[in-house]
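Me: I would like to learn how to read aromatic pairs and helices. Can we take an example together?

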Amino acid sequence: MQDPVSVVVVFLLLWWWFFLMALPIGVRVPDEAEEGHAASAPRRPHLWKKAAGATVAAILGTLLVDYVIGADLFSFRDAIKNW
């Protein structure tokens, strides 16, 4: 297992990455915008579903990163030395 701070940083970075990728999925713009809303505002953005999906994907991604680092399958230090 990595340092706990590194695990949290990897999780947060992956969570944001997956959440931002999920934002445009399934977005529908209403034909007529409500007063006070932008014309491009989505009707039902389903943010909770996207946040939950990003959380699951970030957990799996963090486990994958931890496995790759723990199993020494790839080393950035060696890659930089050979670069």
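Me: How many aromatic pairs does a search of the whole structure find?

Reply: A note before counting. This is a predicted model: local features need pLDDT of at least 70, side-chain atom pairs count only at pLDDT 80 or more, and totals for chains, interfaces and linings use all residues. Residues are numbered from 1 along each chain as its sequence is written, and side-chain values use heavy atoms, leaving out hydrogens and water. The search finds four aromatic pairs.

Me: What describes a pair of aromatic rings?

Reply: The distance of the centres and the angle of the planes. Rings of Phe, Tyr and Trp (its six-membered ring) pair if their centres lie within 6.5 Å; planes under 30 degrees apart are stacked, over 60 edge-to-face, the rest tilted. Trp15 and Phe19 have ring centres 4.8 Å apart and planes at 10°, so they are stacked.

Me: Where do Trp15 and Phe19 sit in helix α1?

Reply: Helices are DSSP runs (H or I, at least four residues), numbered from the N terminus. Trp15 and Phe19 are four residues apart in helix α1 (residues 4-22), so about one helical turn separates them.

Me: Which kind of pair do Trp16 and Phe19 form?

Reply: An edge-to-face one: 6.0 Å centre to centre, with 80° between the planes. Trp15, Trp16 and Phe19 form one aromatic cluster.

Me: Is Phe19 buried or exposed?

Reply: Buried means under 20% relative accessible area, exposed over 50%, partly exposed in between (1.4 Å probe, protein chains only). Phe19 has 12% relative accessibility, so it counts as buried. Trp16, at 48%, is partly exposed.

How values were computed: Helix = DSSP H or I, 4+ residues; strand = E, 2+ residues; numbered from the N terminus.
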